[in-house]
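Please look at the sequence and the structure together, and keep both in view while the paragraphs below lead from the overall division of the chain to single residues.

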Amino acid sequence: MNFKGKDIISLRDFKKEEIEYILQKASEVKEGRHSNSLKGKVLASLFFEPSTRTRLSFEAAMTLLGGNFFGIADPQSSSTQKGETLKDTIKTISGYCDVIAIRHPFEGAARASADVTEIPIINAGDGSNQHPTQTLLDLYTIKEQFGSLDGLNIGLLGDLKYGRTVHSLSMALSFYNVKLFMISPELLKMPIHYAQYLENKGIKYTETQNIFDVGQDLDILYVTRIQRERFGDLQEYEKVAGSYKINLEVLDKLNKKIKIMHPLPRVDEIDDSVDKTDNAIYFEQAHNGIPVRQAILGLVTGAIQ
Ligand code: NCD
């Protein structure tokens with residue numbers, strides 16, 4: 001499969017075989033194969049929104065396979081402040097690097113960037129739209145834990161309206177034989193076009209506001225932060241802030257073998273006391289960002305085949 005020069009923008013663009021191929025390459029990288037494969041390659045990491053894990057794991061991924069990176073971590077320090085358009089920034093930076101990872105508050109920013117350059121663009125999150133590399137590391141983590149994605153009951157909890165991670169993840173899961181359980185306040189339900197996408201793919205899902213309605217049936221609970229920065233009206237945020245808190249008492253009422261995932265950062269939706277249980281896998285999940293992003297960088301630059 002040839003990924004050289006491909007953009008990674010949205011799960012909508014993927015075929016199942018392509019997802020599987022990336023996950024297979026990530027396993028190879030994690031086993032220690034492909035060392036130094038990114039030697040001589042340069043990543044531009046352009047982050048116009050806050051990030052810890054995504055930016056640093058892209059940069060670490062590049063360095064660990066022998067490549068280099070430069071980037072913008074603080075938009076205040078770039079010419080965006082002088083009024084430069086995103087398209088001009090991308091056209092310019094394309095001449096300095098082999099691949100660009102971009103995070104931007106506007107939906108469609110990654111696609112717009114890809115339209116003005118030949119070098120591969122990786123969407124590291126565009127507004128509340130998509131976050132495909134997070135999804136690939138989520139799938140990788142699930143496969144690592146369960147051996148397969150098929151047959152699983154997966155709960156998505158929290159901000160299903162604005163959370164880009166659950167938008168990408170639910171689209172990816174539609175390739176597999178899974179049952180989805182959407183758990184959110186009424187205000188933060190999964191947008192109708194994602195729900196329709198799942199229905200069209202024949203994926204069964206239920207919606208509830210109460211985790212205890214479904215908690216015994218779940219193999220995985222994927223918890224998300226309520227995306228405060230995406231609310232137009234902070235009074236609306238106040239209505240739903242703190243809706244869910246997974247602590248030991250709540251965990252005790254869920255399936256004993258449930259695995260708790262979270263893209264992180266968490267605010268207050270998972271209590272620290274959960275971290276040391278066998279159920280918590282969110283830090284392993286975050287660490288899988290390295291091999292998965294190494295595989296993606298290798299594939300789109302043509303350094304890994
Ligand atoms: C997520 C994001 O940026 O969408 N974080 C991440 O990349 N791991 C989730 C979030 O910010 O809530």
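Domain bounds, as used here, come from an automatic or database domain assignment. For this chain, which is shown as a predicted model, the assignment gives domain 1 (11–130 + 289–301) and domain 2 (132–286). The centres of domain 1 and domain 2, taken over C-alpha atoms, are separated by 25 Å, and 30 residues of domain 1 are in contact with 27 residues of domain 2.

Five strands form an open sheet in the order β7-β6-β5-β8-β9, and their pairing is parallel. The edges are held by β7 (204–208) and β9 (259–261), each of which has a single partner strand, so one side of each is left without a neighbour in the sheet. From one strand to the next the twist averages 20 degrees. Within this sheet, strand β5 (residues 153–157) and strand β8 (residues 220–223) run parallel and are joined by four bridges, and I154 stands opposite I220 in β8.

Helices pack against these strands. Helix α5 (residues 132–146) lies across β5, β8 and β9, and runs at about 165 degrees to β9. Helix α6 (residues 164–173) also packs on the sheet, where it touches β5, β6 (179–183) and β8, and its direction makes about 160 degrees with that of β5.

In soluble globular proteins, nonpolar side chains tend to be buried together. Here the largest nonpolar core has 57 residues, and those with the most contacts inside it are I19, I122, I154, L156 and L297. Both domain 1 (11–130 + 289–301) and domain 2 (132–286) give residues to this core, so it lies between them. For I122, the contacts beyond four places in sequence include F58, V99, I100, I102, T133, I296 and L297. A second, separate core has 21 residues, among them I183, V250, L264 and A286.

Which residues does S128 touch, not counting those up to four places away in sequence? They are E107, Y162, R164, H167 and R230. S128 has its place in the loop between β4 (121–126) and α5, and with a relative accessibility of 12% it counts as buried, because the cut-off for that class is under 20%. Its side chain makes a polar contact with the side chain of E107, at 2.9 Å.

T301, in helix α11 (residues 289–301), is likewise buried, with a relative accessible area of 6%. A polar atom of its side chain lies 2.7 Å from the backbone oxygen of L297, and the T301 side chain also reaches the backbone oxygen of G298 at 3.2 Å. Leaving aside neighbours within four places in sequence, T301 is in contact with K4, L38, K41, D98 and V99.

Some details of the backbone remain. L264 and P265 are joined by a cis peptide bond, with omega about 5 degrees, and P265 is placed in the loop between β9 and α10 (282–287). L264, which is found in the loop between β9 and α10, has a positive phi of about 65 degrees although it is not a glycine, and at 11% relative accessibility L264 counts as buried. N36 has a phi near 65 degrees, again a positive value in a residue other than glycine. N36 has its place in the loop between α1 (16–30) and β1 (42–47), and at 47% relative accessibility N36 counts as partly exposed.

Conventions. Residues numbered from 1 in each chain as written. Predicted model: local features only at pLDDT ≥ 70, side-chain atom pairs only at ≥ 80, totals over all residues. Heavy atoms only, no water. Pairing = 2+ DSSP bridges. Helix = DSSP H or I, 4+ residues; strand = E, 2+ residues; numbered from the N terminus. Axes fitted to C-alpha atoms, helices over the stretch in contact; angles between N-to-C directions. Contact = heavy atoms within 4.5 Å. Core = buried A, V, L, I, M, F, W, Y, C linked by side-chain atoms within 4.5 Å. Buried < 20%, exposed > 50% of the residue type's maximum accessible area, 1.4 Å probe, protein only. Polar contact = N/O pair within 3.5 Å; in protein donor to acceptor, adjacent residues only side chain to side chain.
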